[in-house]
Amino acid sequence: MTAESAIEITTFVNGTEQSGYVPARATVAEYLRDDLGLTGTKTSCEMEVCGVCSVLVDGRPVSACAALAADLDGTTVTTVEGLAEEGRLSHLQQAFIEKSAAQCGFCTPGFLIMATALLAANPDPTRHEIAEYLDGNICRCTGYRPIIEAVELAATRMRESA
Amino acid sequence: MSVLPPFALHRPQSVDEALGLISFDDMPLGGGTELLLAMRMRVLRPDTLVNLKQLDELKSIRLDGSDLVIGGGVTHLAASESALVAEHLPILPKVLLEVGNPRVRASGTLAGNLVFAEPKSDVIPILLALDARVHLRSASGSRQMTIDEFIIGPYYCAREPEELLTEIRIPTAGIARAVYLKYQTMERPTVGVAALDMERDGTERRRVVIGAVAETPTLLDFAPGDQIDGAAIAATIEPIPDIAGSARYKRHVTGVYIDRAVAALDAERP
Amino acid sequence: MNGSPTVGQSLPRADSRAKVTGEARYAVDHVLADMLHGAVVRSTRAHAIIESIDKAAALAIPGVVGVVAGADLGSLFPRFGHLIADHPVLAIDKVNYMGEPVALVLGETLHAAHDGADAVIVDYSDLPVLGDIATALEDDAVLIHPETYPAGDAAFEEAITEPRNDNVAHEASIEWGDIAAAFEEADVVVTTSVKYPKLYAYAMEPYNALSIVNDEGIDVVTTAQHPFMVRDDLARMFSLPLAKVRVRSPVLGGGYGSKSYTKIEPLASVGSWYSGRPVKVALSAEEAIYTTRADSAHITVRSGFDSAGKLLAREFEILMDTGAYTDNGTLVLAKCVNRCFGPYETPNLKVHGRAVFTNTVASSSYRGFGAPQGNLAGELNMDQAAERLGIDPLELRKLNILPPGGTIVPGKRGLDADLGADLDIVTSTLDWGSESQHMTGSGFGVSASDAGAYPVSTAQVRVLVDGSVLVMTGATEMGQGSKTVLAQIAAHELGVDLAKVQIVQSDTGSTPYERTTGASRTTVLVGLAVQRACQDALGKLESMAAETFGVSPTEIKTAEGTVVAPGTGEWPYAEVVRSWFGARSGEVTGVGLVRATGELEMLPPFWEVGTVGVTVSVDCDTGRVSVDHLVTVGDVGFAINPTLVEGQDLGASTQGLGAALYEELIYDGGQLENPNLVEYRVPHATDMPARIDTIVVERGDGVGPYGAKGAGEGTLNPMGGAVAAAVGRAIGRWPTELPLTAERVWLLMNEEGRGLNGED
């Protein structure tokens, strides 16, 4: 076993600059949850298939359980806590409430982050495209229909308000 | 929750610096989608990770003559979004969008898939079909080889511990049409079949590559108009039985998907 | 009842804003500055004697504070279990399944704790591995549990505590009439044999707990569905009065039964007892798989009919693989025995079931609770009988289905549902009877479960000095929506704005007693307790108003959040409270108690029914099944929040689809082949049917508030049989085993010498 190194990083998380040292092996999920107290990001399968730990790093979706905190140096990170602006929920968050897309809610942050990434790349997805993009996220409660309907609803409202 | 085993992390600022750091126990870290998972499962326990993520020189996608050259740090997502790739090699983005999920595509690299010699890869069969070559560099030199030479077995490739896969070079000329079809019931493909009509060395041929089902992919060339019998080809494949199916079943669906890929290729003809 | 109806409305969930912003605090989000992290060393053997545990290398790692093993538990009672206390916190002398906790490493950081766990060396001597039922039942098989253990909660009469000389963990039967004579008379006898897989519930928040054990007692924040049951186990372990044990279950990241009863809490508590510091133990998904699963079952059913299709007799033989420990396996078996034959008029019946110990993960509660296993056998048997009799399967079911009020089990509550009507709704929505296309088929099924919801519930409703309301309940919010539904009930009963009602849940130190959160009980039983607590509070407010404002109590009533004395005055609740106490402060507490009396004397309190249908298509080359259409009927009496009911019904049926098509824990001897979410595949978004109809039926026929019955399991229970029947019709051969993976269907299609009839 080798000596573990600690790495200095500076990153912008939900618009706030964060600086500190992280162990080399610290994952993004550990850093966000344990160091920054941003516990909205959950972990579950730890194998990159459930999507619960999804966050955006420089706008791209990342499994926070399988990415190193050290790699956040110089990046911009968005977690579920950063989706609302000044207390105003995003269209996706609002649509998730209206469509009852969260039951236990443990998967919800990951779905919101992935849906945010999807709508940034494709503002007018079909239901099939939504399901395809979200196929890497597991929800065990809802049967997915309300989630897909919520993404559709949010996409419509975002296009209308754009 | 589980944790990664301890390691030291280097962040070299150039490929040359990275080449001075890597060795058997000091492994290069690309996208990390496979390496970190293997470490979490304690399959690999390197002393050091040499991070390549910050090396922009590995992230280029360029055209060299009629060859598309994809850097060793290019992610599936970046390649799938590249206008150059879309223009010169339209089959590649289609295949890359079949990889894993959007997070794996945004972090994982083509080179990483190759150096892991992931047997259930979507990427390796199409690169083999396209006659891609990999470029390996070490502190003492460099070498090139074909995918066939590079992929030796499951999770076993020809990269030496001191080498980095810096480039994938893919000829774009002579490809008339190409399709990729896969059968997948679990998180990884059971079988993936690439079928192409192409011209190589002045000869028209129909090429079929069968991936994911056996330890290594199989490449078969046919003359235009040859009858291609999926079941007969599948009979020569040695599938790896696992949770996605028995050898017998996998052989069967391999035949089905060869036939379907060939039919899909025919359907692409003008 | 007062005010505008807040019940019967699809109001947004009370917890949805917190859940979309990331503010919702789950157990795993609870930390303390001085806490240690616990990492579990797990057995690498399925059945072995522990020869030694070498802690030295682990203790040498910086940051490792201690290593606790079974032998270190000293004065504690080292086992838990609400039926039979056979489950060691940490293995004692012997391991009984691969993945069993052997030691707990305590570290200052999560990393240190896990490095320590990697460094603990355990030396084993292997014993013969009983990896499946057949091996465990061999005459000369070693006993997994050669000794006996104390009984758990005395309320469970089903537990067997007498010693046995075999590996049968539990046995249960039910019988009436004379089946031998009835089979003699039968014109047609149809036998069906099926296998149901071992399943993992996959609540996405893995088990975790943060425990403090000190002179004050124990305080645990955990993922338990039943915090009061966990309290009882911990009190026995640590020899403490119940009042000294506080168990809190905040928002749960899914449960589905898998977080019923004690799981992770003893580990964290033992860690804290050993170290004198708060200890958090948070499992990975893989470790959660090694914590509990659902029973697999092998069931054979024989049914005799007269030539017109009337059921004369049914006989079921059930074998369940219950794993290494009792947990809740006894009750799952007992329920499977009660639930397998379904809501049909069955004049002669015999059901016999055995659950067998094996060297696999202990099985326990999972949504449906024995019903999905039994229903697959019973309903597929009805489909095969219909074919043999030449009667349409809908007609055969309707010919035998019990009418509302009919007796499913003598001595139990009559059927509180109209299942014939529900079957008509499902089949007409499915377009049953229309010509089906090549390689497509439809199937449907019905189930009735005697809800295991023993009516013991207490609730408090506190009307505060500003007129807002706190509802205190020991029922847990795990995604099903109890926080919302109970608030709707309280707002409705008190006639106050929903925004003024706050629900406080699941804290044995502050909320009133709730037996469990399971068996779909909360809406009915806790709903009734909340209703009664509201009435109690209103009565008190009326008396206080009468006393304070000098009005005759008979003239007073409450409406719309006020106490009214016609012609005299109208006083908001807040004013009544303030004026009565006279100090601009105080509050009024109403108490609601529910027990098995009156309407709840006859058990079960309700039958949880389910009627579903599917249309599937099968890829003729690969055997892969796609579900094209799913229909569910939620026969819930009254839907207090219809959207939540539909959410439960689709969620439950989706888990049923998972078991029907994809999910199975696969053992090779004592080795679990797929302890992860890559190889244990649950339904994903693209697996969902193109068309989904979730239909809610309200006939006001339940004993719960406003005629409500429980929901959340019913539409899972008949899914396996419905999918199996649909696939059978698509390919022309009846399946015998779930899940219907592509390979299994392909093999069935290509098997020689099997007809559609199950008799061959």
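Me: Is C:Ala18 buried, partly exposed or exposed, and why?
Reply: C:Ala18 counts as partly exposed because it has 16 C-beta neighbours inside 10 Å. A residue is buried if 20 or more other C-beta atoms lie within 10 Å of its own, exposed if 12 or fewer, and partly exposed in between, with C-beta atoms placed from the backbone. This is a predicted model, in which local features need pLDDT of at least 70 and side-chain atom pairs count only at pLDDT 80 or more, while totals for chains, interfaces and linings use all residues. Residues are numbered from 1 along each chain as its sequence is written, and chains are lettered from A and ligands numbered from 1 in the order in which they are written.

Me: Where does C:Ala18 lie, and which residues does it touch?
Reply: C:Ala18 belongs to helix α1 (residues 16-21) of chain C. Helices (H or I, at least four residues) and strands (E, at least two) are DSSP runs, numbered from the N terminus. Leaving aside residues up to four places away in sequence, C:Ala18 touches C:Glu23 and C:Ala24. Two residues are in contact if their C-beta atoms, placed from the backbone, lie within 7 Å.

Me: What are the confidence scores for the model and for chain C?
Reply: The model scores ipTM 0.98 and pTM 0.97. Chain C has a mean pLDDT of 95, and 97% of its residues reach 70 or more; pLDDT is the predictor's confidence in each residue, from 0 to 100. Over residues 754-760 of chain C, pLDDT stays under 50, and the model has 18 contacts beyond four places in sequence for them.

Me: Which residues have the most contacts inside the largest nonpolar core?
Reply: That core has 393 residues, and those with the most contacts inside it are C:Val105, C:Val471, C:Ala490, C:Val530, C:Val723 and C:Val727. Helix α14 (residues 522-549) of chain C gives the most to this core, with 13 residues. A nonpolar core is a set of buried Ala, Val, Leu, Ile, Met, Phe, Trp, Tyr and Cys residues joined through C-beta atoms within 7 Å.

Me: And what does C:Val530 touch?
Reply: Beyond four places in sequence, its contacts include C:Val471, C:Leu486, C:Ile489 and C:Ala490.

Me: Changing topic, what do the buried residues of α3(C) pack against?
Reply: They pack against β2 (16-23) of chain A together with β1 (36-42), α2 (56-59), β3 (64-69) and β7 (101-107) of chain C. In helix α3 (residues 110-119) of chain C, nine of the ten residues are buried, among them C:Leu110, C:His111 and C:Asp115.

Me: How many residues of strand β16 of chain C are buried, and which strands pair with it?
Reply: Twelve of the 13 residues of β16(C) (residues 311-323) are buried. Strand β15 (residues 296-305) of chain C pairs with β16(C) in the antiparallel sense over ten bridges, with C:His298 opposite C:Leu319. Ten bridges also join β16(C) to strand β17 (residues 348-357) of chain C, and these run parallel. Two strands pair if DSSP finds at least two bridges between them.

Me: Finally, how many residues make up the contact between chains B and C?
Reply: 14 residues of chain B are in contact with 18 residues of chain C. On the chain B side, helix α11 (residues 247-268) of chain B supplies the largest share, three residues.
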